[in-house]
Amino acid sequence: MRKLPGFALAGILALGSLTACAEEPGTADAAKGGGSGSGKVAFLMPDLASTRYEQYDAPLFKKRMAELCAKCKVIYQNADSDASLQQQQANSAMAQGAKVLVLDPVDSQSAATIVQTAQSQGVKVVAYDRPIPAKPADFYVSFDNEAIGRSIGQSLVDHLKETKAKGGLLEVNGSPTDAAAGLIKKGIHKAVDDSGLKLLAEYDTPDWSPEKAQQWVSGQIAQYRGRIAGVVAANDGTGGGSIAAFKAAEVDVPPVTGNDAELAAVQRIVAGDQYNTISKPIKIVAEAAAEVAHDLMQGKKPKADTTLFNTPSQLFHPTVVTQKNLKQVIFGPEGVLKVKDVCTRPYAADCERLGIK
């Protein structure tokens, strides 16, 4: 596992009105002073439910590609949670001459078809963020997703034991079609199963939908009212949906986990509504993917740290964020969120209480 030389990058800004359309593929050509070579690479992201892809992953990947290869072109597409659309986007990118697909799959199982088709045409595939177990890609770049699940789960368990909380846990997992969600789920169970805290119920959230997470948690509140000590949610979207369910039921919000360090989640932590999140090194991972793609375009073999699902891999280790270290991690030298973005008027007093200025 690759360790980060400092604090992991964090924060995803609020997503505006965006659609799953293609980016102008000439972005990289505009860069000055980039490296040598030429070619096309596709950057195919899975959804708009998580704000990170549009706000950070795509622009950071394109920027690094421009630095590596001034004459390279990046074809960017977002499938908006539609596996069939992602297949079409991959085919379109290859028809346009893409020699490498950097693919974050909507559906890890069906993405095997994309890998098979690409490799049969001599096109390399880099699995990004989410693995593709059924058909090994040429390389895999991601966070250590199992470690993410274990970290957020253990952080919550430790907090509940420290505060001597009474009751059991709800577990709100990610999409059942996402292999990365399965790894996060596995990690959560490693933290929860032997914790001594009862797991009341768990749910695999279709498409990582915050709305569906909220609906499910609302039902559990009705069934286990007064008996829920905490909620292990696999990302900030499902965590936010869980918190909304408790507020709608007009009951106290128990500690709730998250993952991705989205702007709204960081604000919820500041306000005390969400207990933790995960600060992910998005810049480092996006840049690593660009470097791997560039190596593959040149016929070079990228350096792997490990192997996962029979795929050479680079895995990066994230950082758990709570109120205790939020100021240091989120607003440290490697952070990307600004105090003015987080500490808006509704959160100004809480920021001041935490010494965030």
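**Entry 1: cavities**

I looked up the largest cavity and found 14 lining residues, of which Tyr 53, Asp 129, Arg 130, Trp 208 and Lys 280 lie nearest its centre. Here a cavity is a set of points, on a 1 Å grid over the protein atoms alone, where a 1.4 Å probe fits but cannot get out, and lining residues have an atom within 4 Å of a point. Helix 1 (52-68) and helix 5 are the elements that give two or more residues to this lining. I noted its volume as about 130 Å³, the volume being the space filled by probe spheres set on the points, with grid points joined across faces, edges and corners. The lining divides into 4 nonpolar, 4 polar and 6 charged residues; Ala, Val, Leu, Ile, Met, Phe, Trp, Tyr, Cys and Pro count as nonpolar, Asp, Glu, Lys and Arg as charged, and the others, Gly among them, as polar.

**Entry 2: basis of the model**

The model is predicted: local features need pLDDT of at least 70, side-chain atom pairs count only at pLDDT 80 or more, and totals for chains, interfaces and linings use all residues. Residues are numbered from 1 along each chain as its sequence is written, and side-chain values use heavy atoms, with hydrogens and water left out.

**Entry 3: second cavity**

I then took the second largest cavity, with about 50 Å³ of space. Its lining includes Arg 130, Asp 207 and Trp 208.

**Entry 4: sheet**

I traced an open sheet of 3 strands in the order 7-6-8, with parallel pairing. Strands pair if DSSP finds at least two bridges between them; strands (E, at least two residues) and helices (H or I, at least four) are DSSP runs, numbered from the N terminus. The edge strands, each pairing on one side only, are strand 7 (199-204) and strand 8 (228-233). The twist averages 15° from one strand to the next, with axes fitted to C-alpha atoms, for helices over the stretch in contact, and angles running from 0 to 180 degrees between N-to-C directions. Helix 4 (residues 145-162) packs on the sheet, touching strand 6 and strand 8, and its direction makes about 165° with that of strand 8; contact means heavy atoms within 4.5 Å. I saw that strand 6 (residues 168-173) is joined to strand 7 by 5 bridges.

Terms used
1 Å grid on protein atoms, 1.4 Å probe; cavity = no way out; pocket = protein on both sides within 12 Å on 5 of 7 lines; lining within 4 Å.
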